[in-house]
Structure formats: C-alpha cells, structure tokens
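Student: I have a protein model open and would like to learn how to read it. Can we go through it together?

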Amino acid sequence: MCRKPSCNPLVFALVLAVGGTLAGCAGPRMPALTTPLPPTWSRPPVAPATPAPDLQHWWTIFADPLLDQLVRTSLDGNLDLVAARQRLQGARALAAHSGDAYLPEFHAHAQPVQSPDGVDSFFQYGLDASWELGLFGRRRSAEWVARSHALSAEAELQALRVSLVAEVARTYIELRAAQQVLALHRNLESLERQRVDLLDARARIGVGAVGEVTRARAAHDQEVAALPLQQQAVDVAALRLALLLGQVMPEPAWLNPAPLPVAAIPALTGVPADLLRTRPDIHMAEAAVMESAGELGIARSELYPYVGIGGELMYSLNLTGNFTIDGDNLHLISSIGPTIDLPLFDWGRRKAAADARAAALEAAVTSYRKAVISAVNEVVLALAVVNGAQASRAAVQNALQQHDAGVESQRSLQQLGLSSPLQMLDANRELLQACLGMVEADAGQGLALVSLYKALGGASLPAVAEKD
C-alpha cells in the first residue's frame, strides 16, 4: 500500500521561516568612494565667447551639418559599439538572474535501483527539493558581482561612445584641414611656377641672376613634391572616417573640399565633481570596487558553515518476482531538513583567500582614486592646451591680417607702377604661407576642443533600449 509521508507540516513551515530569516543576514558593506576634488578648474578658458554646449551634443559647436550627420551615423553603425551593446545585453541577462541560485530548486528524477543482496529490484521516482540560503552575505555578494559586470559593460559602452564621437570629430577636422592645405599648396605651386617663368625671362634678358632662377626652381619642385603627400593625407583621413562609421569606403561627398569648421571657445560651467557623473572610466573603477567587494563577501562567507534546506518525496516500486497487485510493494518515502557543510581542515586556505580578496578590494579603491585624479588632471591639461591654441590662433590671425594688408598695399603700388610683378608674387606667396599657418591654427584649436570634451566625458547618451 501507499504510505503517507511522516513529515510534520509545522516543522516544514518552521524550517522555511528560519531559512528565510537567516537568508537575510547582513553581508559586507561597500567601501566609501571619496576623493577630494577642487571646487573649480584651475585654468578655465580665457574670455569664453559662447555658452557651454550640452555635453551630450558638444560637437554642434562647430555648426557643421555634415559633422552632425557623421556622428549620428557612427553611433548607429560603428562595429565596436555594436559588439559592446551585445556584451551589455549578456551581462544584464546574467545580472537579472543573479539571485536565482539562492531560490528553492526542484528536480524530478526516476531511476532503477537494486537491493544490496541482489534479490529485489526497485524503480524509484519522485521529487527533490534544495534551497541554498546564501547566508553570511553570500547571496548579496553574488548579486554585487553580477551587477558590477553589468555596470562595467555599461561603462565600457559609454567609453566607446565618448571615444568614437571624439575620433569622428577629430578625423573630420583633419580631413577638412588636409583639403584646405592641399588647395593652398596648389596655389603655392602655381605661384612658384609663375615666379620661375618670370625670373627665367629676366635672366634671359640679362636683368636677373641665374642663381635666382635655380633657387626658384628648387622652391617650385618642393611644392610639387608636397602635393602627393597632401593628397595622401586627405585620402587617409577619409578612409579613417569610413572605418569609424563601419563602412568599407568613404562617401564621395566627403572628398569634396569644404571649409574647415571653426568653433569659438565655449564657457566651462561644470566643476571637477561633475566628472564623477560623466567619465566612463570612473564608472568602470566603481564597478571594479563593487566586484571586489562582492568577491570578498563570497570569500568571507566560505569561512562559515554552508547551510541549506533539502527535502525529498520518493516512490519506490518493487519490480521483482515478489510484485503483487495489492499495492504492498509501493512505498512513499519523504524527508526534509537542514544541510550543513562545516569547513574543518581547509579553513586556513579559505582564510588566506579572504585576506587576498580584502587586499584586492583595497587595490580597487586605490585604483578608483587614481582614476578620479587622472580624470581631473586630464581635463586641466586639456584646458591648458585649449588656452594655448586660442592664444596661438589669435597671434596667427593678426599676422594673417598684416599679410593681407600687405598684398592690398602691393596691389595698389603695382597699379601705380611703383611695384614689379615679382614683388607682387612674393607678397601673395607670403599671404598663402600665412593662410597655411591659419589653417594649422584653426585645426589646432578645433582638435584641442575635441580633446577637452573627450576629457569631460562628453558623448551622446545611450538609447532608451540600451538603458533597460
């Protein structure tokens, strides 16, 4: 006949209540992540000309629609970002079920069993139940580890986004600068060719020296040699831009020469403490601290007994020749109770593992503080570069205005017959060389701004789907 289980329901309920209470035992605490930061930046931009843009759309300060389009396209199609999003999805999937290992588990089983004397054969089937309580902070620590992996994946994705936006803006500025430089060198080559022709004509009539012609031809050859290198710089920048956007080849529209985007120096309204919110590397350091704290909690929980609850409901059916149809050969066996595993002889090894995890946690906290200090120093350095680029551009612009005025003056003298064509060519050449310096100064200021906003952690925030 079928026997009823001997388990007392009150005892079962008491075991569950005690287990649920013990499962909430407090675990380790997260260390305080505090690093003293200055209240203001030591070297803010000099005479800010425009309001500070939103860090999420900082590249709009260049007022270039094509650059805006390129940034949007890169955020959607860059292959590194696609891979990072996929890693983030996997980390979040694991983090969402990090506590499942500490929920009651049930397993159905069926198997044939033979008695030790070999006389009877049984078929057993039933249900096993087990519950790892996760005491002494083990469950909370495991959740911290899983959550830290998700936070680290989020920070990695944002870091790629920050770097990608900066690289797209940087490469676009380099592309437009290379195009401007190429155009100016073509004009210089034309001027040098005219200068060679003019000096050669003067030498033939005995007015000029032969050495002047030789030097002019050498200067022309230098300009001719510079043209392929400048064209190569344009092609390389276009190919790099295509790679950033996840494309094989650049778009034809990119190769059409266009003005170099120039942005005024914006005001910096943020403070150093804002880096704790915007810098992905600081978030990654925070995630590393959380992971180390969780691993320390798991190591410390292993110093204490493992406590769980187990139970079983099993039917055993006799399959031997003694089998009868009256049901006497069908038995129900039930059991429930705690499962305890007490470390004895390997306690020293477990203690050493806990000490190692404690040292790793201290190292993670130190790395976090270094990340904060490095972030502040990077911004301060970027501000210094921006100020230097701004001052340099202002000086180059003044020099360009002087050369432009000199060309106008020379043109007036030539109209009055007081200046030769050779002097006019020399004035135009000096103006073009000043224009080369202006392009370099504009590009330098633009690249300095890109580095500044990258140091501030500026980039578009993830889409809503990525935040879930």
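Student: How many helices and strands does the protein have?

Tutor: The protein has 10 helices and four strands. Helices (H or I, at least four residues) and strands (E, at least two) are DSSP runs, numbered from the N terminus. Keep in mind that this is a predicted model, where local features need pLDDT of at least 70, side-chain atom pairs count only at pLDDT 80 or more, and totals for chains, interfaces and linings use all residues. Residues are numbered from 1 along each chain as its sequence is written, and side-chain values use heavy atoms, with hydrogens and water left out.

Student: Which strands pair with β2?

Tutor: Two strands pair if DSSP finds at least two bridges between them. Here β1 (residues 105-114) pairs with β2 (residues 121-132) in the antiparallel sense over 10 bridges; V113, for instance, has F122 in β2 as its bridge partner. β2 and β3 (residues 306-318) also run antiparallel, joined by 11 bridges, and Q124 has S316 in β3 as its partner.

Student: At what angle do α4 and α9 pack?

Tutor: Axes are lines fitted to C-alpha atoms, for helices over the stretch in contact, and angles run from 0 to 180 degrees between N-to-C directions. For α4 (residues 138-204) and α9 (residues 421-455) the angle is about 170°, with the axes 10 Å apart. The two helices are therefore roughly antiparallel (over 145 degrees).

Student: What share of the residues is buried?

Tutor: Buried means under 20% relative accessible area, with a 1.4 Å probe and protein chains only. In this protein, 38% of the 468 residues are buried.

Methods:
Angles under 35 degrees count as roughly parallel, over 145 as roughly antiparallel, 65 to 115 as roughly perpendicular and the rest as oblique. Buried means under 20% relative accessible area, exposed over 50%, partly exposed in between (1.4 Å probe, protein chains only).
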